[in-house]
Amino acid sequence: MNAEVLRLIGKISRALDSIANIEFKDLNLNRGQYLYLVRVYEHPQIILEELALMLRVDKTTASRAVNKLVKQGLIQKQKDAQSLKRQLLSVTDEGTKLAKFILKENDYSENQALKGFDYEQIRQLISLLEMVDANLLADYQLVKSGKTRNY
């Protein structure tokens, strides 16, 4: 029964990702780039490592996506005054327009997904999903560091 929970979460995630990729095709955003753009919009001055962890992707994947968004003029990089190696990410004016549009779609999708739920059910669902995420974070970091989980 436990595997069924993860399959259902995956199915929901893939459906929403598929919808977004189709709807955002005209925005010239490749697969998943909208995730990076919106997270940088929501977290101005974020660094790449934090963004990668937030999205649960490796740093190379995040870097590739961010660099494409920089080339498109949607995200900009600025040197961090406290650490010359780090670059702070923020969205441009054009990136802000797109991020706001994407967030409207996100709100619509969330409202569709949560039809019939009352406030308390939504809070409970969020709490439960945060627990699932927290439970998996250690394994995620372990595997990303090159180690293997003990089954």
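Two aromatic pairs are counted in this predicted model, where rings of Phe, Tyr and Trp (its six-membered ring) pair if their centres lie within 6.5 Å, and planes under 30 degrees apart count as stacked, over 60 as edge-to-face and the rest as tilted. Local features need pLDDT of at least 70 and side-chain atom pairs pLDDT 80 or more, whereas totals for chains, interfaces and linings use all residues. Residues are numbered from 1 along each chain as its sequence is written, and side-chain values use heavy atoms, without hydrogens and water.

Phe24 and Tyr34 form an edge-to-face pair, at 5.1 Å centre to centre and 65° between the planes. Phe24 lies in the loop between α1 (2-23) and α2 and Tyr34 in helix α2, so this pair ties together parts ten residues apart in sequence. Both residues are buried (under 20% relative accessible area; exposed is over 50%, partly exposed in between, with a 1.4 Å probe and protein chains only). The ring centres of Phe24 and Phe101 are 6.3 Å apart with the planes at 65°, so this pair is also edge-to-face. Because Phe101 lies in helix α5, the pair ties together parts 77 residues apart in sequence. Phe101 is partly exposed, at 43% relative accessibility.

The axes of helix α2 (residues 33-42) and helix α5 (residues 93-113) come within 9 Å and cross at roughly 105°, which means that α2 is roughly perpendicular to α5 (65 to 115 degrees; under 35 is roughly parallel, over 145 roughly antiparallel and the rest oblique). Residues in the contact (heavy atoms within 4.5 Å) include Tyr34 and Leu37 of α2 and Leu98 and Ile102 of α5.

Key
Axes fitted to C-alpha atoms, helices over the stretch in contact; angles between N-to-C directions. Helix = DSSP H or I, 4+ residues; strand = E, 2+ residues; numbered from the N terminus.
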